[in-house]
Amino acid sequence: MKYIDEYRKKDLILSISEKLKSVSTKEIVLMEVCGGHTMAIHRFGLPSLLPATIRLISGPGCPVCVSPQYFIDKALAFSRIPNVIVTTYGDLIRVPGSTTSLEKERANRSDIRIIYSVLEALTIAKNNPGKSIVFLGIGFETTAPLTAAAILEARKENITNFFVYSAHKIMPPVMKALVEEGVKIDGFIAPGHVSAITGTAIYDNLASECGLGVVVSGFEPVDMMQSILMLTSQIEAGTPKVEVQYQRVVKTNGNKTAQHLLAEVFETRDDSWRGLGVIKESGLKIRKHLSTFDAEQHFEVRVPESFEPKGCICGLILRGLKTPVDCSLFGKKCTPADPVGACMVSGEGTCATYYKYRS
Amino acid sequence: MCLAIPAKVISVNGETALVSIEDVEYTASLLLLDDVNPGDFIMLHAGFAIQKVDADEAAETLQLLQEEVKNRPGETAL
């Protein structure tokens, strides 16, 4: 498959591994902040190809995992309103809320539908004029422009029964928050598809102010190994900077059309992240002039107090302070078939990834 | 969640394109990407084309990498 097979060549991966072993002298910690990277690292067994000096940790890169309990509980409340159809990307449906999940609620009587693209939610709205369609908007800068495009399409086509409950978030504030909190990180493997939208300027102050290396990476094993080599070389030379390994997709200025749509539809707000609490200006709220599409403005729901599952250390894992094997529930009470915490639900959650690929 | 897959553009029809991944065809919205032509590769994310794949950059990155790892250890930094 073009643009995939050539980045899975074993001899090239092993050559990079050898090169890394020869250049790495300092003990360093590199964090990836994209669930796709977490999956690739474990799927291809990359930690076993690294020298003992390089440690990889996973950060808050899985949108399903970082959406707080309150978001799930409020989505559940929307699903109980008569004549409401809730539409969602697949993973979210299994995340346990404080008392139930969307999946269980669907088995009761709520109309909750899994969709692949937000445009399907628009089609459902057109086909069901007597119902209200609530789309659960999760995801980072890669996914939020799609929601923005759908809202503007709804306005253009005068679709008045389509609403978005936005939990969209942006990456730079959480990356900075982790550094400020004192999590030991020497460099970031930065998210490739977020950067395809945003461009690379969003990382500049991590390098210039925090002295961290940042390499925007692709998702195949050659991409990831090359990114780790670039970061290691930067850190060894004492010259942290922002570089792009994923040059075939990421342009310095990103995707301007998508950036304009984001700016037209959303503004930032303080937002809550599972395990990390409220981070300033880290969430995306629908702007006032489009509030007729904002589910939070249109529906009034009462949400009981939310609480995190007992014994779950998802929050510490999302901050890179613990790994799944440090959790007493991991693989016992908490499995992909019967998850306790969000990080075990999504296929790209750190716990689900560890569970699937652990040796 | 931020998964995107390279797909080859077969035809363009207004705001959508017919694309192919391993001979399976999909429709990609072009609301986020301009100037898409048949033969291009685009990254497909949840039904939308979010960026083009740059063939020249892809070839150059791989070539530079291959040269880099062929060098003796420590000879050249990336």
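Predicted model: local features only at pLDDT ≥ 70, side-chain atom pairs only at ≥ 80, totals over all residues.
**Strand E8 of chain A.** Begin by selecting residues 213-216 of chain A, which form strand E8. Both faces of this strand are covered: A:Gly213 and A:Val215 are buried on one side, and A:Val214 and A:Val216 are buried on the other.

**The crossover.** Now show H11(A) together with E8(A) and E9(A): the three elements make a left-handed β-α-β unit.

**Where the chains meet.** Display both chains and select the residues in contact: 45 from chain A and 32 from chain B. Among the elements giving two or more residues to the chain A side are helix H2 (35-43), helix H7 (144-156), H11 and helix H12 (256-265). H1(A) gives the most, with six residues. By class, this side has 26 nonpolar, 14 polar and five charged residues.

**The nonpolar core.** Finally, select A:Phe188, B:Ile42, B:Ala49 and B:Ile50, the residues with the most contacts inside the largest nonpolar core, which has 140 residues. Helix H11 (residues 221-237) of chain A supplies the largest share of this core, eight residues. Centre the view on B:Ile42: beyond its neighbours within four places in sequence, its contacts include B:Ala7, B:Val9, B:Leu33, B:Ala49 and B:Val53.

How values were computed
Residues numbered from 1 in each chain as written. Chains lettered and ligands numbered in written order. Core = buried A, V, L, I, M, F, W, Y, C linked by C-beta atoms within 7 Å. Buried ≥ 20, exposed ≤ 12 C-beta atoms within 10 Å, placed from the backbone. Helix = DSSP H or I, 4+ residues; strand = E, 2+ residues; numbered from the N terminus. Contact = placed C-beta atoms within 7 Å. Nonpolar A, V, L, I, M, F, W, Y, C, P; charged D, E, K, R; others polar. Right-handed = clockwise from strand over helix to strand, strands pointing away.
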